[in-house]
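Dear colleague,

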Amino acid sequence: MRAFTQHQGIVAPMDRSNVDTDMIIPKQFLKSIKRTGFGPNLFDELRYLDEGKPDQDCSQRPINPDFVLNQDRYKNASVLLARTNFGCGSSREHAPWALDDYGFRVIIAPSFADIFYNNCFKNGLLPIVLEEKVVDQLFQEAEAQEGYQLAVDLEAKTVTTPSGESFSFDVDDFRRHCLLNGLDDIGVTLEDAELIKSYEESRRKTAPWLFGAGN
Amino acid sequence: MAGKTLYDKLWDDHLVKQRDDGSALIYIDRQLLHEVTSPQAFEGLRLAGRKPWRIDANIATPDHNVPTTDRERGVEGIVDPVSRIQVETLDKNCDEFGILEFKIKDQRQGIVHVIGPEQGATLPGMSIVCGDSHTSTHGAFGCLAHGIGTSEVEHVLATQCLVQQKMKNMLVRVNGKLGPGVTGKDVVLAIIGKIGTAGGTGYAIEFGGEAIQDLSMEARMTICNMAIEAGARVGMVGVDDTTINYVKDRPFSPTGDQWGAAVDYWRTLHSDDDAVFDKVVELDGSAIIPQVSWGTSPEMVVGVDGNVPDPEKEADPIKREGIVRALKYMGLQPNMPITDIKLDRVFIGSCTNSRIEDLREAAAVVKGRKVSPTLKQAMVVPGSGLVKAQAEQEGLDKIFIEAGLEWRDPGCSMCLAMNADKLGQGEHCASTSNRNFEGRQGFGGRTHLVSPAMAAAAAVTGHFIDVRELMH
């Protein structure tokens, strides 16, 4: 996995709560058997005026000029500023894949849906929870100043504004460690293979009915 | 020391390692696989040169992309080439790794969350995962069950474990008795309406109280299925006689001495009387009436006797903006009665409501009636080949067909419209599925979430009506 240590980038403010995973990447694009190429269809139904189809050349499609990512000033955004319960809905990892493929590295919101939050960390994407009033302030600043950027430091667990104001955020140690070092967490788990085997053996004795089905 | 909650017990039973940093390794007894969220996981295994840790813990079936007609042709009958490749890829992966798969032409094929319990592949006390958020369904059996992403599917394939942080405990207690015509779907929609789509975020929800204890396993599955719509990855109900009777004599259920030992263990799978929950929510079950969602989030729901809300009456500006946006998308006017909403299609199916009891409830309403001529389509999609066969044995198919509903083959179908079953732009659908998000059932489609009985009532009237008015 790609490591994440620090990042500074343009902020795109997406002012709506409960952004669901169907909105982030509609189902017709889930038919792909790859992990890449979802970027052009990120927020497809908000971004374009027509109905998107898989494997289509999106550069020829009519765009929705009102959608935040279609505005010139946010074209190169890599930090997404969002509202409460971002990423609610399905467990599709295609949602963080699409955000990542588009070029986002950081998402800041007052709250995230659990599965989405977890999926981000598996893909080098950092979801940051900040207090609602701080997020409100960042929305105001990002909308007021063209080219507004935020600097994120995962080591220090801080988000810093252009004026130097800094906000700290929480992230659990294991996820932070994996992200900072770009670790493959399957490899980390397999370091405990013996422990898993011994758990499995004792379980086989106490609950033998859990083994054998499906063969 | 306080007693343990059901979630605490399940967590402790599956804990392989508690790490110092607060994360833990949890052992997974069962993984269900489908075609949409598994191909990249299998590819990841191959690229890393890894093998599945325990083949027999996995069961697969294609469900999201499968057509609901013309099934005799099997995979060849999938018209969309991209969908077909995805189903073929699941077949190839399962063949390559030796994983049991109920393929498209197998009568045991169906929606993953229907076939697990149906086969006894979902047993009380198991930890169960699937790359699908509605895996919470299996919690109805006193399981620790939740949806995971594709990277975690790969992680479970490779290690039989999941890295987790322990969640907080929430009890949703539904007191009293439900009235006639009020179903598990109405209960869970009322719960989501009360606590909101993020109300359960960070929690494992246990559903309890008299109204829940009275419910069948099908209804409990409907409720746990939609725990994720309240933000909770995990929804659960404690084990009782209803659970054990359902599980008995299923193909993968234990038999002989093992059955007795299993039942002894399963009897312990409920929260202790003195268990402490981080949060308790109470509802009066006798006050719940049939529910209808009006907006684009499952929390945007009211009783069928209610009205579409007026954004002017909402004080919170973000919520007000949400209502305005939802009304615009849904093409509805503030304050209009729910029963005035005209419908174009009716969909009875999905992992929420496609089990035999759901079909019986819908059939009871449409029996001797006809689908309204104002509808473009009303369809019934059973949750599995075995549900379909059971329904046909009971003659339900004839009741539906006689009334003018289409009787289809099993799959996820119009719940998320990955196959050919979808809404047209602007069309309103009474749907027994779980999500009314924008575009969920088709580009520009407008979904109203209801119970199977309410969907059936809408089918024969062409608009929403309190199903209790049609019951004798």
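**Helix pairs in chain B**

Helix 6 of chain B and helix 8 of chain B are therefore roughly parallel to each other, a term kept for angles under 35 degrees, whereas those over 145 count as roughly antiparallel, 65 to 115 as roughly perpendicular and the rest as oblique. This is a predicted model, in which local features need pLDDT of at least 70 and side-chain atom pairs count only at pLDDT 80 or more, while totals for chains, interfaces and linings use all residues. Residues are numbered from 1 along each chain as its sequence is written, chains are lettered from A and ligands numbered from 1 in the order in which they are written, and side-chain values use heavy atoms, with hydrogens and water left out.

Helix 6 (residues 184-195) and helix 8 (residues 217-225) of chain B pack at about 25°, their axes being 8 Å apart; axes are lines fitted to C-alpha atoms, for helices over the stretch in contact, and angles run from 0 to 180 degrees between N-to-C directions. Helices (H or I, at least four residues) and strands (E, at least two) are DSSP runs, numbered from the N terminus. The contact (heavy atoms within 4.5 Å) is made by B:Gly184, B:Lys185, B:Val187 and B:Val188 of helix 6 and by B:Ala219, B:Thr222 and B:Ile223 of helix 8.

In a second pair, the axes of helix 12 (residues 356-366) and helix 13 (residues 385-393) of chain B come within 10 Å and cross at roughly 40°, which makes helix 12 of chain B oblique to helix 13 of chain B. Here B:Ile356, B:Leu359 and B:Arg360 of helix 12 touch B:Val387, B:Gln390 and B:Ala391 of helix 13.

**Between the chains**

Chain B gives 77 residues and chain A 64 residues to their contact. The area buried between them (accessible area, 1.4 Å probe, that two parts lose on being put together, summed over both) is about 6,000 Å², and carbon and sulfur atoms give 56% of that area. B:Gln40, B:Trp53 and B:Phe443 supply 12% of the area that chain B buries against chain A, more than any other three residues.

Seven salt bridges (a side-chain nitrogen of Lys or Arg within 4 Å of a carboxyl oxygen of Asp or Glu) are counted between chain B and chain A. One salt bridge joins A:Lys31 to B:Asp80, with the closest N and O atoms 2.7 Å apart.

**Within chain A**

Over all chains the count comes to 47 salt bridges. A:Arg2 and A:Asp100 meet through their side chains in a salt bridge of 2.7 Å, N to O. This pair links distant parts of the chain, 98 residues apart, with A:Arg2 in the segment before strand 1 (6-13) of chain A and A:Asp100 in helix 3 (residues 94-102) of chain A.

With kind regards
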